[in-house]
Amino acid sequence: MFLARIYVALKPTVNDPQGQTVLGSLKTLGFDSTESVRMGKYLEVTLQEGRRGEAEARVKEMCHKLLANPVIEEYRFDLEEIG
């Protein structure tokens, strides 16, 4: 069994209006040294795969089909064997 920790973020060339809003709010709250903010998603997925290679392939497939939009987002993941 494996636990996948998946991080999804907009590609650097894609405008991030949510990040800009958070940046503005941080500056309003007095965090003036904040230069930029990029928003993303964090997911944890538990897989009942027997081998690491199979688990990695399944997570990549999940990301390509649903969890990330490969046109505007990039992703990475960490895989930990559990149980």
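Colleague: How do you know that Lys65 and Glu61 are separated by about one helical turn?

Modeller: Lys65 and Glu61 are 4 residues apart in helix α2, so about one helical turn lies between them. Helices here are DSSP runs of H or I with at least four residues, strands are runs of E with at least two, and both are numbered from the N terminus. Keep in mind that this is a predicted model, in which local features need pLDDT of at least 70, side-chain atom pairs count only at pLDDT 80 or more, and totals for chains, interfaces and linings use all residues. Residues are numbered from 1 along each chain as its sequence is written, and side-chain values use heavy atoms, with hydrogens and water left out.

Colleague: What makes the side chains of Lys65 and Glu61 a salt bridge?

Modeller: A salt bridge is a side-chain nitrogen of Lys or Arg within 4 Å of a carboxyl oxygen of Asp or Glu. Lys65 and Glu61 have their N and O 3.1 Å apart, so the pair meets the rule. Side chains of opposite charge can pair when their charged atoms come close.

Colleague: Which residue does Glu61 also form a salt bridge with, at 3.1 Å?

Modeller: That is Arg58. Glu61 and Arg58 both lie in helix α2, 3 residues apart. Glu49, Arg58, Glu61 and Lys65 are linked in a network of salt bridges. By the rule, the count comes to 8 salt bridges.

Colleague: Why is Lys65 called exposed, and why is Glu61 called partly exposed?

Modeller: The labels follow relative accessible area: buried is under 20%, exposed is over 50%, and partly exposed is in between (1.4 Å probe, protein chains only). Lys65 has 65%, so Lys65 is exposed. Glu61 has 33%, so Glu61 is partly exposed. Arg58, at 40%, is partly exposed too.

Colleague: Is Thr34 buried or exposed?

Modeller: Thr34 has 19% relative accessibility, so Thr34 counts as buried. Thr34 is found in the loop between α1 (17–28) and β2 (40–47). Leaving aside neighbours within four places in sequence, Thr34 is in contact (heavy atoms within 4.5 Å) with Leu23, Leu26 and Lys27.

Colleague: How far is the backbone oxygen of Phe31 from a polar atom of the side chain of Thr34?

Modeller: The distance is 3.0 Å. A polar contact is a pair of N or O atoms within 3.5 Å; within protein, one must be able to donate a hydrogen and the other to accept it, and residues adjacent in sequence count only if both atoms are side-chain atoms.
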